[in-house]
Amino acid sequence: MSTDLVETPSPSGKDASYYERRALIQASARGTLKRRRTVALAIRILFGFCMVLVLVPLIFLISYVTKRGVGALSVAFFTHTPTPEGIPGGGISNAIIGSLLINGLALVIAMPIGLLIALFLIERRGPIPNAIRFGADVLSGLPSILIGLFAYAVIVTHTGHYSAYSASAALAVLMLPIMIRGDEEAMRTVPNELWEAGLALGARQSRVVRSVVVRGSIPGLVTANLLALARAVGETAPLLFTAVGSQLFSLSFNQPMNAIPIVIYQDGTTAFKDLQQDAWGAAFVLMVGVLILSIIGRLFAARLTRKSR
Amino acid sequence: MQTKEGSPRQLLEQRRSSLSSGRGYAGLLWLAAGIFVVILAAIIEGIVSQSTMAWGHFGLGFLWSTAWNESTNTFGAGQFIIGTLTVTGIAMLIAVPVGLATAAFLTEMCPRRIATPLGVAIDLIAAVPSIVVGLWGLYVLQPVFLRDVEPFMKKIPVIDFAFKGNAEGASYFLAGFVLSIMIVPTMVALSRTALAGVGNTDREAAFALGATPWQVIRKVVVPGANSGLLAAGTLALGRAVGETIAITLLIGNSLTLGHPFSLLNPGATLGSVIVLNFGESQPGTLLRSTLLALAVVLLAMTLIVNIGGRLIVRKNLLFRLP
């Protein structure tokens, strides 16, 4: 126990008990500091370990999918339709085209509706926009399987057959809440003065929105739409009730259509090695596609924040 | 950035609405809002209307009955509700503490040079589709769980009561574990945002008083971010409850709970039983209606989590830390 501070001379005549008490307090303060620092260090190590726990499986996951997936890739994989097990030369061309078509149509449906709803949230105030915002949040939390069952109930049961456009409708509903909130956030970054300047020039509200607000927030809008697309592309459950998958090459939205997640789900659960390999190839293609979409989306978002500074 | 009362823009808006020039645009916005409300209503109506036969047939007892027999047409939701809760519970038990600790480490305890790229990487990984994670779990983790992890869990004292029975690989435990890997990036990303939202002045004041980083986290940052953290937990919980396809690959798809109940048993969740049986059920049959009734239960569960979570966040009832 160090007593160096105790030996400093005291100007006023303080008795020995004062120094004793002071030494006691200092010692205990030093003790708690030491304890607090030890605890903080232990927690830091523990938390850092947690971060490693989070990263390790994810790194294993990505590297394993890459390893198995790259091995499955070939020219035929991208250009041919599936073959039955045991017959080489099969590919997933119909699933790649199918995913593009289904998600493309979903994007075309959801994008304008999402933008208009976001504008509604910006232009109006009061209970109705708040309720819609709440509804969008709740919708974004709904399991995708329920969205798929909804598309089945509303479209497939009425048309009487599975179809690609019912899948697009399901994915559009899935994209909608992400777009609404993302678009709203993006357009709120447009300064009020710009709205006012546009209106002061005598432009109509709709004209201001088109030329000033939407144009001024394009990077943010692109980000929101790309992230919505990235989420929808990887969804499997809604497709199982709507597009259901197909071995054939189809460009018709009125027919069942194959898609990459369906290939992964169906081929990945078979006992045949060559089909399993196709599933890994499809998983790799899907993972890379989704990552590219997310990265491009984030780059647009980064451009937006740089600009607004 | 709301418009202030009486701002030029609002005055103009008022003028404009008295003229008729903006009608088409305003009408378009109302139309979009109307479409959204119709979609929400149609989702609920579409699912509920197809399940009426099952509810009429079984009544509310459907919720706790664990029967499942296609030849006698007796079905219950009990084992699937328990399955969903079990898998979700395992995932949350792992993902919440680990995710919170990671977020705290990234925002409070590590240099920004490292934290920013790691944070971006975790955000990106959160976008990996669940079917890909499920496939990986099926081919890589299931053999490891069967051989090493599940026998090991049986030997740990205190929690070994939950791991009775034979290790079979596909199980509640495996499904819950993989689910935790899937929701942890969400948990980290959202709680990182919440923690980073706490003002730096609060942190600096605490450091100036001699607090260690851990004390700053515990006494300043976490209380300051509690509603954001709660929202992160709620969203992760919502994702966990609704996740279907990866769990279908991993849970073993047994239609009974198994006796005695153990986390090593194969089971099923509400989502997995719908996915697996939907294709085989004919429209108009009791089985099909039962599957839709299970969807109604799932809908109710996610609505409770989402709406309840939001109400709690708004009122800030929980997480009142000292």
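At what angle do helix α7 (residues 192–200) of chain A and helix α8 (residues 205–216) of chain A pack, and how many Å apart are their axes? The legends below describe a predicted model, in which local features need pLDDT of at least 70, side-chain atom pairs count only at pLDDT 80 or more, and totals for chains, interfaces and linings use all residues. Residues are numbered from 1 along each chain as its sequence is written, while chains are lettered from A and ligands numbered from 1 in the order in which they are written.

**View 1. Helices α7 and α8 of chain A.** The two helices pack at an angle of about 155 degrees, with axes 10 Å apart; axes are lines fitted to C-alpha atoms, for helices over the stretch in contact, and angles run from 0 to 180 degrees between N-to-C directions. Helices are DSSP runs (H or I, at least four residues), as are strands (E, at least two), numbered from the N terminus. α7(A) and α8(A) are therefore roughly antiparallel (over 145 degrees; under 35 is roughly parallel, 65 to 115 roughly perpendicular and the rest oblique). Leu194(A), Trp195(A), Gly198(A) and Leu199(A) of α7(A) meet Val208(A), Val212(A), Val213(A) and Gly216(A) of α8(A), where contact requires C-beta atoms, placed from the backbone, within 7 Å. This contact has six nonpolar, two polar and no charged residues (Ala, Val, Leu, Ile, Met, Phe, Trp, Tyr, Cys and Pro count as nonpolar, Asp, Glu, Lys and Arg as charged, and the others, Gly among them, as polar).

**View 2. Helices α4 and α6 of chain A.** Helix α4 (residues 127–141) and helix α6 (residues 164–188) of chain A pack at about 135 degrees, with their axes 8 Å apart. That angle makes α4(A) oblique to α6(A). Ala136(A), Leu139(A) and Ser140(A) of α4(A) make the contact with Leu176(A), Pro177(A), Ile178(A), Ile180(A) and Arg181(A) of α6(A). By class, six nonpolar, one polar and one charged residues take part.

**View 3. The contact between chains A and B.** Chain B contributes 70 residues and chain A 69 residues. On the side of chain B that touches chain A, helix α2 (residues 23–49) of chain B gives the most, with 13 residues. That side of chain B divides into 52 nonpolar, 15 polar and three charged residues.

**View 4. Chain B.** Chain B has 13 helices and two strands. Its C-alpha atoms fill a box of roughly 70 × 60 × 35 Å along the principal axes.

Terms used:
Two residues are in contact if their C-beta atoms, placed from the backbone, lie within 7 Å.
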